Amino acid sequence: MKRRTILTGAIAALGLATGAALADGHAKTKVGFVYVGPVGDGGWTYEHDQGRLAVEAEFHDKVETIYQESVPEGSDAERVITQMALSGADIIFTTSFGYMDPTNAVAAKFPNVKFEHATGYKRNTPNVSTYSARFYEGRAVQGHIAGKMTKTNKIGYIASFPIPEVIRGINAAYIHAKKVNPDVEFSVVWAYTWFDPAKEADAATALIEQGADVILQHTDSTAPLAAAEKAGGVIGFGQASDMAEYSPSPRVSSIIDNWAPYYIARVKAVMDGTWESVDTWDGIAPGMVKIGEITDAVPADVKAEALAMRDQMAAGTYHPFTGPLKKQDGSDWLADGEVADDGTLAGMNFYVEGLTGDIPN
Amino acid sequence: MDLSAINPILLVASLMVAATPILLAAVGELVAEKAGVLNLGVEGMMITGAICGFAIAVETGSPVMGFLAAAIGGALLSLIFGVLTQYLLSNQVATGLALTLFGLGFSSLIGQGYIGIKPPSTEKLDIPLLSDIPVLGPILFNHDLMVYVALALVAAVWAVLKFTRTGLILRAVGENHDAAHALGYKVVRVRLLAIMFGGGCAGLGGAYLSLIRVPQWTEGMTAGAGWIALAIVVFGSWRAGRVLLGAYLFGGVTVLQLNLQAAGMAIPVEYLSMSPYLITIAVLVIMSADKSRAALSAPACLGRVFHASS
Amino acid sequence: MIRLERRPSPSRFWTALTPVLAVVATMIAGGVMFAALGKDPFEAIRTIFWDPIFNEQFAAFSRPQLLVKAAPLILIAIGLSLGFRAGVWNIGAEGQYIMGAICGAGVGLAFYPAESFVIFPLMVIAGGLGGFLWAMIPGVLRVAFRTNEILVSLLLVYVAEFMLASMSLGLLRNPEGAGFPGSRNLKAYPSAHNAELIAGTGMHWGVVAAFVAVIFAYVLLSRHMLGFQIKLAGQAPRAARFGGVNPSRLILFCLGISGILAGAAGLFEVSGPAGQISIDFNVGYGFTAIIVAFLGRLNPIGILLAGLLMALTYIGGELAQFMLGVPAAAIQAFQGMLLFFLLAVDVLSNFRIRIGRREVV
């Protein structure tokens with residue numbers, strides 16, 4: 001059992017061979033993508049695939065893109081990534097948190113292939129980069145609009161799993177809703193799924209029936225928006241993709257994942273030979289997070305404030321987690337004017353003061 | 001925690017909506033199983049119905065046409081199962097699972113052009129006067145048509161199985177296919193029709209998801225509803241009335257647990273999420289432990305291959 | 001008029017030939033589908049069936065992966081096949097697989113970071129025990145209250161999935177994982193790592209266990225009294241009762257053994273190819289194994305072959321996806337077709353086809 005898994009000579013040789021081919025400057029740069037869902041999920045994977053298509057549109061016949069969809073995060077991921085590396089890919093994007101360990105394991109075997117892992121934190125070898133988006137910036141804008149728009153002062157939040165990414169979103173939205181509307185209350189429903197349209201619809205309905213008139217969602221389907229439309233007088237936001245088919249109302253705005261600029265830049269870096277391992281956490285400023293059109297269902301002054309906040313974040317003059325802020329238990333977190341550091345944000349596992357209920361576990 | 005925020009009337013009304021897809025699929029599977037056919041492909045037929053209904057509703061602009069297409073699509077897919085199990089005498093459990101696999105893949109292939117589209121909306125019936133009755137109004141008379149169709153189907157299946165000659169033949173085929181054959185009934189034909197009825201109902205259930213309850217098309221959107229429908233048939237011990245009870249119980253607990261969460265109930269979320277499954281099991285255990293109730297068992301020929309060897 | 005006449009015993013000739021026929025038929029039908037999708041049908045078929053084993057670029061890696069992918073399927077299917085023969089319907093192997101993984105990994109993680117050769121055997125025992133206990137729930141309910149085991153075992157899959165999510169977010173979460181879900185990676189913990197026994201062969205303890213299970217089941221069914229009882233109970237339940245078979249004991253035995261094997265499969269997977277407990281650890285092996293069991297005609301050798309064939313279509317399907325851009329959905333539909341044909345041609349080994357009028361007896 002003490003044996004370290006080592007490669008057969010054949011694979012190692014192939015790995016080197018594929019890498020060597022790039023150094024020769026072969027004609028096409030081969031770019032691989034590993035997706036966790038089907039490209040037709042209309043949300044997370046769909047937007048990554050839009051990024052892939054943007055890479056193709058940018059470089060035309062200088063690139064060849066390959067992808068594999070619906071790759072489970074368990075034992076299959078490592079094999080899929082290895083096979084992709086063996087096929088001669090120069091750079092591989094693995095687009096789900098669960099691919100973190102498999103990506104690093106394969107990267108160790110293929111030193112000449114570049115790996116980019118989304119939403120993770122491990123970069124064990126110099127050929128691994130990580131990237132993620134500061135979706136909480138978008139959540140802050142949503143929170144502002146939600147706080148202004150609610151009449152019942154009750155905002156429903158459909159959360160997926162209790163992980164830092166989701167908790168960060170809840171906090172960011174709550175802080176900014178509270179700021180403009182001190183009476184606002186959040187009810188959070190944990191769906192324990194990223195994607196189950198029927199359950200999302202039920203969750204939205206439950207929240208609406210209990211008086212929520214704004215629904216925020218951190219799950220990927222349009223079901224909550226449809227429930228909002230059916231109920232009438234309720235608004236919501238697009239998640240992951242624009243969900244424009246529900247505008248101007250109930251969808252009053254959206255957070256869009258926009259991976260295209262990053263993917264294009266990284267592929268370009270491989271072509272130019274300037275690629276190096278980095279940890280990217282981009283927000284609104286470079287365009288990785290986009291705020292979808294704010295519709296006319298939102299009063300002009302609220303829209304203007306929301307856009308102003310977006311622009312301040314883009315300019316770097318405003319951070320959504322700026323003190324004074326306390327944690328839910330009343331202990332101090334950020335002093336007046338202090339800005340949260342990325343480490344705390346990345347591993348956020350607490351609610352801010354004012355939110356009710358417990359985070360599961 | 002604010003439990004008063006939960007409105008029991010709205011709760012009942014929304015559990016009826018939540019339960020409708022599984023109810024439709026379960027009542028169809030009930031008929032197939034009564035005829036002695038165990039079709040584990042409900043999930044595959046549901047998702048095929050979901051995309052067929054969605055595509056046709058979008059193309060024609062008519063949800064009614066969509067539901068019709070969904071029933072036809074589900075029935076056609078079930079025909080593959082029917083031919084394999086009835087004429088080629090393949091194993092029903094394996095064929096049903098293969099049908100689910102095929103249906104999931106096939107539906108995504110058809111559905112590639114239908115992502116991010118909104119289907120034409122189905123109006124609520126909102127029956128005047130009746131829907132204004134306090135309490136009963138919103139519960140009973142303020143739904144979309146399919147909720148009533150599902151209930152009517154349950155009633156029809158119950159009546160047909162219990163009172164008609166057709167029902168008698170169907171049950172005879174399911175209980176003892178050799179005897180039924182000896183009496184001159186066309187076992188294979190009866191079963192094929194039952195399978196197609198099951199497929200059609202599953203298709204309707206799928207379309208209810210894609211056209212009314214969600215409404216959108218995304219790959220894998222049934223997310224396991226077909227499996228729950230299968231469990232509900234067993235839960236209902238192969239009786240239409242109890243299938244209705246089972247579907248409403250499951251739908252009810254699902255809706256209730258989300259409502260309790262939204263109201264800030266201090267029960268850990270994991271346990272609340274598990275509750276629909278656990279409560280369904282617990283209720284079945286209580287029902288099956290009661291020995292005074294006779295024959296909770298499945299149709300005697302369920303899942304068995306029929307071959308007229310004489 | 002075409003009709004079927006039952007053979008006195010299955011034809012050996014057709015039993016050997018039918019799988020080949022089915023594969024050929026699938027190639028034709030699948031080829032038509034691939035052509036309709038605008039892909040070269042010959043290339044697609046070659047990629048799925050030939051490349052994983054013989055392509056010089058991949059085969060050195062992919063060929064051993066067949067064993068890795070097939071092992072859990074075979075292990076679970078062997079256990080299920082005993083129950084299916086006896087008329088005990090365990091549809092919930094997926095849940096037992098998950099519970100085995102949780103219990104086994106839990107034991108391993110409890111010892112972290114101690115190194116000892118006893119840890120892995122303890123994990124295997126805990127894994128088997130976890131699956132066993134989970135399978136005993138439908139078993140005991142069936143025996144004590146006549147509760148239908150199909151329903152209970154199936155619904156317990158969902159309960160197990162919530163347990164898995166809860167464990168990856170709570171008790172078993174990696175304390176050094178910055179609040180992200182998922183346990184420590186057992187691959188980085190030598191005492192708990194189910195590594196390859198001989199590098200580059202794919203052979204890990206789970207593969208060994210699968211082979212042992214095949215032999216065990218073969219001997220049980222052909223040589224042992226219990227095997228006879230199992231067959232009798234399935235074919236003639238009443239005769240079995242008169243013949244001294246204790247139905248309750250048989251139900252518990254069948255569910256128990258399938259639970260143990262499914263739980264062990266989960267443990268071998270989590271400590272080997274998957275490496276960690278995570279929210280999406282399970283990938284449906286428990287359901288696919290039901291197909292494998294019937295495809296192998298509930299015969300241990302047949303299950304071995306069926307498991308390998310399924311593994312081939314998975315791995316070949318992966319290659320076809322990213323090499324040729326075939327959508328994952330088409331691969332799924334293709335697998336469905338293969339199963340349909342395999343099940344359909346089975347009729348030839350058990351029946352004779354007679355054309356013409358029925359002769360009067």
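1. In the largest cavity, the largest share of the lining, 4 residues, comes from α10(B), where helices (H or I, at least four residues) and strands (E, at least two) are DSSP runs, numbered from the N terminus. This is a predicted model, in which local features need pLDDT of at least 70 and side-chain atom pairs count only at pLDDT 80 or more, while totals for chains, interfaces and linings use all residues. Residues are numbered from 1 along each chain as its sequence is written, chains are lettered from A in the order in which they are written, and side-chain values use heavy atoms, with hydrogens and water left out.

2. The lining of the largest cavity consists of Glu33(B), Leu38(B), Leu40(B), Trp227(B), Leu230(B), Ala231(B), Val234(B), Ile91(C), Ile150(C) and Leu154(C). Two or more of these lining residues come from each of α10 (225-235) of chain B and α7 (149-169) of chain C. A cavity here is a set of points on a 1 Å grid over the protein atoms alone where a 1.4 Å probe fits but cannot get out, and lining residues have an atom within 4 Å of a point.

3. The volume of the largest cavity is about 70 Å³, a volume being the space filled by probe spheres set on the points, with grid points joined across faces, edges and corners. Its lining has 9 nonpolar, no polar and 1 charged residues, with Ala, Val, Leu, Ile, Met, Phe, Trp, Tyr, Cys and Pro counted as nonpolar, Asp, Glu, Lys and Arg as charged, and the others, Gly among them, as polar.

4. For the second largest cavity, the volume is about 60 Å³, and the lining residues include Leu67(C), Phe211(C) and Leu308(C). The elements giving two or more residues to this lining are α4 (59-86), α8 (205-223) and α13 (300-324) of chain C.

How values were computed. 1 Å grid on protein atoms, 1.4 Å probe; cavity = no way out; pocket = protein on both sides within 12 Å on 5 of 7 lines; lining within 4 Å.
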